[in-house]
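Please read these notes beside the sequence and the model.

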Amino acid sequence: MQGKAPSVSRIQKIEHVLPGYTNSLGTVFGGKVMEWIDIAGAVCAIRHARKPVVTASIDRVDFLAPARVGHLMVLDAFVNYTGKTSMEIQVNVKAEDPMTGEQFLTTEALLTFVAIDQNCKPSPVPPLLPETKEEKARFEEGKQRKLDRENSRKK
Ligand SMILES: CC(C)(COP(=O)(O)OP(=O)(O)OC[C@H]1O[C@@H](n2cnc3c(N)ncnc32)[C@H](O)[C@@H]1OP(=O)(O)O)[C@@H](O)C(=O)NCCC(=O)NCCS
């Protein structure tokens, strides 16, 4: 199977923080952000695999700063690492003031998606071909995290 660079599947998705997505403090619900992250990650994984995917795990979601009603949420999803059938996707979320364009990082998440066949069994994905120095570093870090995940599942 021919390899693909992370840039081929990288996506940006924009959501608007509407009043219905916020709590009594006027800041966005974490669960809503997690839904957006899962969808952005899945779209990125599908673009890499060109196959249906399922979410296998979410390692961690770090909420670094709150976004407020009216903000735009800019989700940036890209593949860090691929195994045989799995893909580690990173999703970074920035909040943007729609009037000024000022952005700040609100959330970072790491998810693993697995490509599946017609019988819902794991199915091979194209190898990832990191190009930039940053992509190569993320690839090596992702490789180590996959090993760590496998070891922790065996415990
Ligand atoms: C994810 C799933 C397809 C894995 O199937 P499985 O038969 O257990 O898979 P295997 O043990 O053969 O592993 C297949 C790959 O998945 C990875 N994997 C399996 N479980 C994982 C987990 N919990 N977290 C991260 N990766 C996982 C393995 O490392 C392996 O990767 P590789 O092929 O790149 O080496 C299966 O557990 C499943 O369907 N889970 C439910 C998914 C779901 O409903 N998600 C929510 C809605 S989309």
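The numbered points below take these topics in turn.

1. Basis. The model is predicted: local features need pLDDT of at least 70, side-chain atom pairs count only at pLDDT 80 or more, and totals for chains, interfaces and linings use all residues. Residue numbers start from 1 along each chain as its sequence is written. Helices (H or I, at least four residues) and strands (E, at least two) are DSSP runs, numbered from the N terminus.

2. Sheet. An open sheet is formed by 5 strands in the order E1-E3-E4-E5-E2, with antiparallel pairing. The edges are held by strand E1 (11–16) and E2; each has a single partner strand, so one side of each has no neighbour in the sheet. On average, neighbouring strands are turned by 25° against each other, direction ignored. Two strands count as paired if DSSP finds at least two bridges between them. Axes here are lines fitted to C-alpha atoms, for helices over the stretch in contact, and angles run from 0 to 180 degrees between N-to-C directions.

3. Pairings of E5. Strand E5 (residues 103–115) is joined to strand E2 (residues 53–63) by 9 bridges, and the two run antiparallel. In this pairing threonine 55 faces phenylalanine 113 of E5. Strand E4 (residues 86–96) is joined to E5 by 11 bridges, also antiparallel. Here asparagine 92 stands opposite glutamate 108, and glutamate 96 stands opposite glutamine 103. The hairpin of E4 and E5 has 6 residues between the strands, and glycine 101 takes a positive phi near 80° there.

4. Helix H2. This helix (residues 30–49) has 20 residues and reaches 28 Å from its first C-alpha to its last, close to the expected 28 Å. The expected span is 1.5 Å times one less than the number of residues. Buried residues of H2 include Val33, Trp36, Ile37, Ala40 and Cys44; a residue is buried if 20 or more other C-beta atoms lie within 10 Å of its own, exposed if 12 or fewer, and partly exposed in between, with C-beta atoms placed from the backbone. An α-helix has 3.6 residues a turn, so residues three or four places apart point the same way. The buried residues of H2 pack against helix H1 (6–9), E1, E2, E3, E4 and E5. Just after H2, arginine 50 takes a positive phi of about 55°.

5. Helix H3. How much of H3 is buried? The count of buried residues is 2 among its 22 residues, so to speak hardly covered. H3 lies across E2, strand E3 (72–82) and E4, at about 75° to E3; contact means that two C-beta atoms, placed from the backbone, lie within 7 Å. The end C-alpha atoms of H3 are 32 Å apart, which agrees with the 32 Å its 22 residues should span.

6. Valine 125. This residue lies in the loop between E5 and H3. Valine 125 counts as buried because it has 24 C-beta neighbours inside 10 Å. Leaving aside neighbours within four places in sequence, its contacts are His48, Ala49, Thr82, Thr85, Met87 and Ala115. Lysine 136 is 11 residues from valine 125 along the chain, and their C-alpha atoms are separated by 18 Å.

7. Ligand. Which residues come nearest to the ligand? Of the 14 residues around it, they are Ser57, Gly83, Lys84, Thr85 and Ser86; a residue is near a molecule if its C-beta atom, placed from the backbone, lies within 6 Å of it. E2, E5 and helix H3 (133–154) each supply at least two residues of the shell, and E2 gives the most, with 4 residues.
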